[in-house]
Amino acid sequence: MKTKKQMTPAALTIMNAADRAKYDTEAKKIVAHRDILAQLLKGSVYSLNKYSLEEIAAGIGLNVYVDEVPLEPGNSNFRQIKANRGQKKNSVVQQMNPIQSEIGEGSITMDIVVEVHVGDFYALIDVEVQTAEPSNYILENRKEVYAARLLTMQKNLYFSNDNYSDALDVYTIWIQLYEDVNVCTERTYKISHRHGEDDEQEQVEFKSHIVDVQVNLKREPKDVAEMFGLLYTLFSKNVNVSEKLNIMEERYHIPITEEIEEGVNTMRSIFDGEIEKLQQQYDGILADALKKKEEAKKAVKEANHRASEREKARYEQIKELGRKKGISEDFLNDIAKIYSK
């Protein structure tokens, strides 16, 4: 029988809604920590790669909004970013939504939304942490909707009237923690010429960027960007809590705050609880299968026994008839041997 350490089920995909929501909330809170977010931005946004982690962390806006910015138009509370400029930054999440809806219920909010201004880079960024692959919609379509929302919410905040060029670039970064590869891709729109003459192709830098960060949590990544190593450390079930905290501090130079330690412990306890449930289900299924196997063996044995008893009774009848006819015992035994074959 497999032990807990040997079991590698996709537990997150079958978590009940309440535990799944708790796990996802802790995952978002940890990723939203400025030092961790800086590592993610440096590894996933090409335009930020030239800056140091310190510069990126310093360029992250005052508030890191977790479950705060609604997807529905007209409901954005993102105006607070403008109002809160100039205040002192903190390393932990500034704003949290006190209402935690279960997955699939309530209003839809973006996971992590932040304003980032580093050197000549200035953009609104949404980070989405995907712990399981969606089954009821196409993820690519969702990515486009989220990017469009980041653009439209800027109306009367970053641009007004028809001054669309004043809008900030937007990035939606999708951390997909269920893949079998470690790959980061950035997609932008491009112009494709269809009809007529166009000697000078217009060069347009579009403002919408979609970044996919596919992460393989089954094995420790080798020879890839440090971002993948950090995400593996944070979310892999193969690394225990003490190892996670030590690697984050020693290898990635992330100060281990009380919030980070609590979040890592909470995620691990939720996952271990799901593994325990799976183990119990596995043990129950195995026990039921063994019981049915024993019952089947017993039934076969009993059937064979009944058949054997019938054959014995039939042979005794033949012997009795043989004796009455004067047939020798040895001859009858020879017949029995042939009959038994």
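Setting aside neighbours within four places in sequence, Lys155 touches Ser160 and Asn161. That's one stop on a quick tour of this predicted model; the others are helix H6, which is mostly covered, and the two cavities of 30 Å³ or more that turn up in a search of the whole structure.

**Lys155 and its loop**

- You'll find Lys155 in the loop that runs between helix H5 (139-152) and strand S5 (169-176).
- Its relative accessible area comes out at 32%, so Lys155 counts as partly exposed, given that buried means under 20% and exposed means over 50%.
- Ala167 sits 12 residues away from Lys155 along the chain, and the C-alpha atoms of the two are 8.0 Å apart.

**Helix H6**

- H6 covers residues 226-235, and nine of its 10 residues are buried.
- The buried ones in H6 are Met227, Phe228, Gly229, Leu230, Leu231, Tyr232, Thr233, Leu234 and Phe235.

**The largest cavity**

- The largest cavity has a volume of about 60 Å³.
- Its lining is made up of Tyr23, Leu234, Phe235, Ser236, Lys237, Lys244, Val264, Met267, Arg268 and Phe271.
- H8 is the top contributor here, with four residues.
- By residue type, the lining of the largest cavity splits into six nonpolar, one polar and three charged.
- Leu234 and Phe235 belong to this lining, and both are also on the list of buried residues in H6.

**The second largest cavity**

- The second largest cavity holds about 30 Å³ of space.
- Val31, Ile36, Leu40, Met227, Leu230 and Leu231 line it.
- The lining of the second largest cavity is six nonpolar residues, with no polar and no charged ones.
- An α-helix has 3.6 residues a turn, so residues three or four places apart point the same way.

Technical notes:
Residues are numbered from 1 along each chain as its sequence is written. This is a predicted model: local features need pLDDT of at least 70, side-chain atom pairs count only at pLDDT 80 or more; totals for chains, interfaces and linings use all residues. Side-chain values use heavy atoms; hydrogens and water are left out. Buried means under 20% relative accessible area, exposed over 50%, partly exposed in between (1.4 Å probe, protein chains only). Helices (H or I, at least four residues) and strands (E, at least two) are DSSP runs, numbered from the N terminus. Contact means heavy atoms within 4.5 Å. On a 1 Å grid over the protein atoms alone, a cavity is a set of points where a 1.4 Å probe fits but cannot get out, and a pocket is an open set with protein on both sides within 12 Å along at least five of seven lines; lining residues have an atom within 4 Å of a point. Grid points are joined across faces, edges and corners, and a volume is the space filled by probe spheres set on the points. Ala, Val, Leu, Ile, Met, Phe, Trp, Tyr, Cys and Pro count as nonpolar, Asp, Glu, Lys and Arg as charged, and the others, Gly among them, as polar.
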